[in-house]
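Please keep the sequence and the three-dimensional view at hand while reading.

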Amino acid sequence: MNFEALKPKVTEIIIQFDISKDEKLTKICQLLQDAIPYYNWVGFYFANHETQTLHLGSYVGAETDHTVIPFGKGICGQVAVSNQNFVVPDVSAQDNYIACSLTVKSEIVVPIFVEGKNIGQIDIDSHVLDPFTSEDERFLEFVTQEVAKLF
Ligand code: SME
């Protein structure tokens with residue numbers, strides 16, 4: 001399914017009135033993982049600015065040990081500090097990277113802003129080398145803007 005067709009489906013989940021925020025986030029993870037063949041792990045991390053740590057929220061894909069990530073550590077931790085999208089075409093070329101599984105070849109992280117504050121991020125791992133384009137970034141920026149409405 002293409003990104004334009006996915007956007008209204010994301011919005012549909014966001015505006016559902018009978019399920020919790022966490023259920024909505026899980027449904028979005030599932031939608032994206034089902035629709036995009038190279039999205040193999042899809043999850044959300046949320047920031048605790050007091051402790052300077054990221055905390056794993058809803059996700060689909062392999063279980064991960066990395067439920068808490070300090071700001072600055074790994075791809076996710078760097079995005080907590082930089083407030084910028086981070087596209088990693090080849091994780092083996094990164095020094096500051098937290099490996100979850102050897103099957104992961106690439107990763108994209110896009111921050112979520114609420115009233116200008118970076119409150120967390122969507123994190124996607126792929127088993128494919130260099131699959132992400134600027135279209136993924138624009139689509140995931142749409143997703144994070146929709147998710148921001150829940151906060
Ligand atoms: N690879 C990430 C850690 C989180 S897992 O991908 C689920 C990182 O380097 O921050």
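Is the crossing of H2 and H4 right-handed or left-handed? In this predicted model, the crossing of these two helices is right-handed. Their axes come within 12 Å and cross at roughly 165°. An angle over 145 degrees counts as roughly antiparallel, and H2 and H4 are therefore roughly antiparallel to each other. On the H2 side, the residues that meet H4 are Leu 25, Ile 28 and Leu 32; on the H4 side, they are Phe 139, Leu 140, Val 143 and Val 147. By class, this contact of H2 with H4 comprises 7 nonpolar residues, with no polar and no charged ones.

Helix H1, which spans residues 3-14, also meets helix H2, which spans residues 21-35. The axes of H1 and H2 come within 9 Å and cross at roughly 160°, which makes H1 roughly antiparallel to H2. H1 passes H2 in a right-handed crossing. From H1, the contact draws on Leu 6, Lys 9, Val 10, Ile 13 and Ile 14, while H2 contributes Lys 24, Lys 27, Ile 28, Leu 31, Leu 32 and Ala 35. The residues of the contact of H1 with H2 divide into 8 nonpolar, no polar and 3 charged.

The remaining pairing to consider is that of H1 with helix H4, residues 134-148. Here the axes come within 10 Å and cross at roughly 15°. Because an angle under 35 degrees counts as roughly parallel, H1 and H4 are roughly parallel to each other. H1 passes H4 in a right-handed crossing. The contact involves Phe 3, Leu 6, Lys 7, Val 10, Thr 11 and Ile 14 of H1, together with Glu 135, Asp 136, Phe 139, Phe 142, Val 143, Glu 146 and Val 147 of H4. In the contact of H1 with H4, 8 residues are nonpolar, 1 is polar and 4 are charged.

Attention may now turn to the ligand. Which residues are around the ligand? They are Trp 41, Tyr 45, Ile 69, Gly 74, Ile 75, Cys 76, Tyr 97, Ile 98, Cys 100, Glu 107, Asp 123 and Asp 125. Cys 76 places a backbone N or O atom 2.8 Å from an oxygen atom of the ligand. A polar backbone atom of Ile 98 is 2.8 Å from a nitrogen atom of the ligand. Glu 107 takes part through its side chain, a polar atom of which lies 2.9 Å from a nitrogen atom of the ligand.

Methods. Residues numbered from 1 in each chain as written. Predicted model: local features only at pLDDT ≥ 70, side-chain atom pairs only at ≥ 80, totals over all residues. Heavy atoms only, no water. Axes fitted to C-alpha atoms, helices over the stretch in contact; angles between N-to-C directions. Helix = DSSP H or I, 4+ residues; strand = E, 2+ residues; numbered from the N terminus. Parallel < 35°, antiparallel > 145°, perpendicular 65-115°, else oblique. Left-handed = near helix turned anticlockwise from the far one by under 90°. Contact = heavy atoms within 4.5 Å. Nonpolar A, V, L, I, M, F, W, Y, C, P; charged D, E, K, R; others polar. Near = heavy atom within 4 Å. Polar contact = N/O pair within 3.5 Å; in protein donor to acceptor, adjacent residues only side chain to side chain.
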